[in-house]
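Subject: The structure I promised you

Hello,

Here is the structure I said I would pass on. Have a look at it first, and then read on for my notes.

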Amino acid sequence: MARQPEGPPPPPTVQKLRLRYAKRGPLRFASHRDLARALERALRRAQVPMAFSAGFSPHPKISYVGAAPTGAASEAEYVEIGLAERRDPEAVRAALDASLPPGVDVLECVEAAEGGGSLADRIDAARWRVELPGVEPEELAAAVAAFLASDVVTVAKRTKNGLKDVDAREPVASAASAGTAGCAILTMVVRQVTPAVRPDDVLAALAAVADLRPPSPPRAVREAQGRLDDSGIVADPLGPDRAARTRCQGEHAAV
Amino acid sequence: MTGTTRHASGETLYPRLEPLLAQVQKPIQYVGGELNAQVKAWDDVAVHWALMYPDAYEVGLPNQGLMILYEVLNERPDALAERTYAVWPDLAGLMREQGVPQFTVDAHRAVGDFDLLGVSFATELGYTNLLEALDLARIPLHALDRDESHPVVVAGGHAAFNPEPIADFVDCAVLGDGEQAVGDITDVVAAWKEQGRPGGRVELLARLARVDGVYVPRFYAVGYGPDGAITAVTRTRDDVPARVGKRTVMDLDEWPYPKTPLVPLAESVHERMSVEIFRGCTRGCRFCQAGMITRPVRERTITGIGSMVDQGLRATGYEEVGLLSLSSADHSEIGQLAKELADRYEGTNTGLSLPSTRVDAFNVTLANELSRNGRRSGLTFAPEGGSERIRRVINKTVSKDDLVRTVTTAYANGWRQVKLYFMCGLPTETDEDVLEIAELAVEVIRAGREASGSKDVRCTVSIGGFVPKPHTPFQWAGQASAETIDHRLRVLRQAINADRRIGRSIGLRYHDGKPGVVEGLLSRGDRRVGRVIERVWREGGRFDGWSEHFSYERWTAAAAEELSAFGVDLDWFTTRERTQDEVLPWDHLDSGLDKEWLWDDWQEALSEEEVADCRWTPCYDCGVCPTNGTEIQIGPTGRSLLPLTVVGR
């Protein structure tokens, strides 16, 4: 006879919180799995009353949305957590931020609005900023122009099933060059596709179309994630939750 | 190497390291920033320690010894300690190319800038990684080539009880518990620096040689006879001890370390927090070096353990706590401890676990209590020997019936998987002794299916070759050859697979015999073996504990070439049985065990006689307590755990 856990099932989720956090500095080398472990432990240290799945190996209710690759920094990582007791979102943010190592910084926490849809549905693109030490801005500008003028730029991408050819051009909604002498900066908006096209793939494409080969490893930062609107702007995925909250509070005030 | 780039002492190397990290596997292991890590200002302290675990970060980070010393040293206002681990070949190549030296993960300081480099050897297979780290740190490989600008290289850990194979590469070795020894060493170094480094490096080492438990190999000369055996080891200065004794920390409650265990971002081999519940073991298992060199038993009290568990969980957020020791179920208050910890953490999703235990029905009860409302996945027992006869030889007596009954009890209590640890190649062993493992496993599965009413029970047999170790009764034994081990593993596998209906429920995990032979060479080697280690490293040997990096051929070729000049060879160090009158390379290093007692115990092993545990029976005069002025410290204390407001409740 299989054993069953004694006692009542775990308490249900009564509140969903959505967090935006950054990974910065040396911690850009943390992988998604590294960050997930760190977050789970920080939630325990911060004594956030997490909701758990049932069974003999209960897991806290945490859902991650599209993590930035290992080696890339980010200002816009998103995660949703389920709580078994209600908490003030700002208090959770502060406690969690204090509990995480410096370099993993919790920037925002909002309560998910009822019926507002999933967080993942509100993200289909990312804005990137890539520093290229040792590359002149003019060099980069020429390469970007050549890239944007191409219809298709095929690059070989390492996947679980070996090398695979992908088109790095199509998902790039916009790209521009800036920066100062000795350090060009590439900014771009890239749509989510499968397999994902990442900054490394776009850089490989720049090497293919314009032989742009940075002398030292580029440093990429994901600046924003969200829905790409027609004007080319990446919308804040927490916006609808924040708006619902304000409306809700406004109604309360009116009563 | 392009790198002769100079940096100020203690300056961070991170800006030069960062571009390299983008090009290597698992870069997170090199960036530090773990929860509870500490970085102190370089100029605020007199003495700087770099602490190394000579294996990959994922293995080294959870090491308790290193974590303890890291905290103990950083608590001192006059000292700082940072950590460094073996660097994988991909990064090592880039570091050499770009002139970036071996660095600490805490503040990315050059290891060569520190006053001391302490290296903890849990296994001898880390020796080539020591040489790699010294070379990357630009510290001369040979201690005699170092000057005052180089760190003092200190070996510690269980392998330091015979540091002779690495005697040329280390400046000193610490025998026994490190908590107090590192403090004494720090005092000596601080005073010598304060006085303006009188007498240079040699004077510093002479002062260190007078610290209790510190062995400085260069002050001891080894003589060899025509047969290749050692004639004598004699000191070359009369102000150093003729024999070096070990350090023993008494009253573990006064040393509740680590108080704030390190929590890495990277995944490690132990994803849990550990609390050491006692140190030492007097069960007297004759193969077990740890049990022999860590005597006597010193228990932490139930209340001491309770507060370490509580404080550690708060500091780490870990989901699981392991109650660590050489034989955890032997703690005098273990039953009460298990119950009270289970009570305290009920409903908090905090797991409690014991490491592998002796085969004893009581241990199933304990494991049930600890997993009261959690998953019962696997339970591990360590019978070590396949037959009752061989278990008498190794002094780990349990009858076959008791073994089957215990494992069956585990299945009946909802445990689905039982792992059994064995060794092969034990002294006096025959094929038949090993084949009994197969019979045992089959019986266990039959009984387990019946007891649980389910076919879903598994037994995993985990087996490796036995390596005789210094300071044990088996230190005289001839080690089984790699061929013997591999043959016995083969017949065992065939026997297990003979009946597929049962065999498919039995897993066999084994290590082939070759790495064990190299471990044997390094364990019982003398200073001549240092040349073999150096040659292997020069030819690319490192990470010898990893099968994908280990090369048996490289070791055997290097041993043949380097040892022939001395008239000895690999077999001389490994498969050869020693005689009673032979001077052993570690005879001048004193674990407290009386050599005559060890010899008598070896003879009793050969005649299959058992010896009882001195915790519960009269002293059998192993020699440790009178030699070191120590005593057994066990409970019960009669105290109990106070209720707490716990994390996550």
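Of the contacts in chain A with a separation of 6 or more, what percentage comes from residues 24 or more positions apart? The share is 74%. Please keep in mind throughout that this is a predicted model, and that every value below was computed from it.

**Chain A as a whole**

Let me stay with chain A for a moment. Its secondary structure consists of five helices and 10 strands. The chain has 255 residues, and 45% of them count as buried.

**Two residues of chain A that touch**

You will find Lys61(A) in the loop between helix 1 (32-45) and strand 2 (62-65) of chain A. Its relative accessibility is 38%, so Lys61(A) counts as partly exposed. Leaving aside residues up to four places away in sequence, Lys61(A) touches Thr13(A), Met50(A), Ala51(A), Phe52(A), Ser53(A), Glu80(A), Ile81(A) and Gly82(A). Take Ile81(A) from that list: Lys61(A) and Ile81(A) are 20 residues apart in sequence, yet their C-alpha atoms are 5.8 Å apart in space.

Glu80(A), another residue touched by Lys61(A), belongs to strand 3 (residues 73-83) of chain A. Is Glu80(A) buried or exposed? With 12% relative accessibility, Glu80(A) counts as buried. Again leaving aside residues up to four places away in sequence, the contacts of Glu80(A) include Lys16(A), Leu17(A), Arg18(A), Ile62(A), Ser63(A) and Leu119(A). Tyr64(A) is 16 residues from Glu80(A) along the chain, and 6.5 Å separates their C-alpha atoms.

**Aromatic rings in chain B**

Over all chains, a search of the whole structure finds 14 aromatic pairs. One of them is formed by Tyr30(B) and Phe103(B): the ring centres are 6.3 Å apart and the planes are at 70°, so this pair is edge-to-face. Why does the pair tie together parts that are 73 residues apart in sequence? The reason is that Tyr30(B) lies in the loop between helix 1 (14-21) and strand 1 (47-53) of chain B, whereas Phe103(B) lies in the loop between helix 4 (89-98) and strand 3 (116-120). Tyr30(B) and Phe103(B) are both buried.

Trp88(B) and Trp546(B) make another edge-to-face pair, with 4.9 Å from centre to centre and 80° between the planes. Trp88(B) is in the loop between strand 2 (79-85) and helix 4 of chain B, and Trp546(B) is in the loop between helix 18 (529-538) and helix 19 (552-563), so this pair ties together parts that are 458 residues apart in sequence. Trp88(B) counts as buried at 15% relative accessibility, and Trp546(B) is buried too, at 18%. Together with Phe543(B), these two residues, Trp88(B) and Trp546(B), form one aromatic cluster.

Arg237(B) lies over the face of Phe219(B), 5.0 Å from the ring centre. Arg576(B) lies over the face of Trp572(B), and here the distance to the ring centre is 3.9 Å.

**Backbone details in chain B**

Most residues other than glycine have a negative phi, and most peptide bonds are trans. Against that background, here are some places to check. Tyr257(B) and Pro258(B) are joined by a cis peptide bond, with omega about -10°; Pro258(B) lies in the loop between strand 9 (244-245) and strand 10 (273-276) of chain B. Gly635(B) and Pro636(B) are also joined by a cis peptide bond, with omega about 0°, and Pro636(B) sits in the segment after helix 22 (624-628) of chain B.

Asn36(B) is not a glycine, but has a positive phi of about 75°. Its place is the loop between helix 1 and strand 1 of chain B. Asn349(B), likewise not a glycine, has a positive phi of about 55° and is in the loop between helix 10 (334-345) and strand 14 (351-353) of chain B.

Happy exploring!

Definitions and conventions
Residues are numbered from 1 along each chain as its sequence is written. Chains are lettered from A and ligands numbered from 1 in the order in which they are written. This is a predicted model: local features need pLDDT of at least 70, side-chain atom pairs count only at pLDDT 80 or more; totals for chains, interfaces and linings use all residues. Side-chain values use heavy atoms; hydrogens and water are left out. Rings of Phe, Tyr and Trp (its six-membered ring) pair if their centres lie within 6.5 Å; planes under 30 degrees apart count as stacked, over 60 as edge-to-face and the rest as tilted. Helices (H or I, at least four residues) and strands (E, at least two) are DSSP runs, numbered from the N terminus. Buried means under 20% relative accessible area, exposed over 50%, partly exposed in between (1.4 Å probe, protein chains only). A charge sits over a ring if NZ of Lys or CZ of Arg is within 6 Å of the ring centre and within 35 degrees of the ring normal. Contact means heavy atoms within 4.5 Å.
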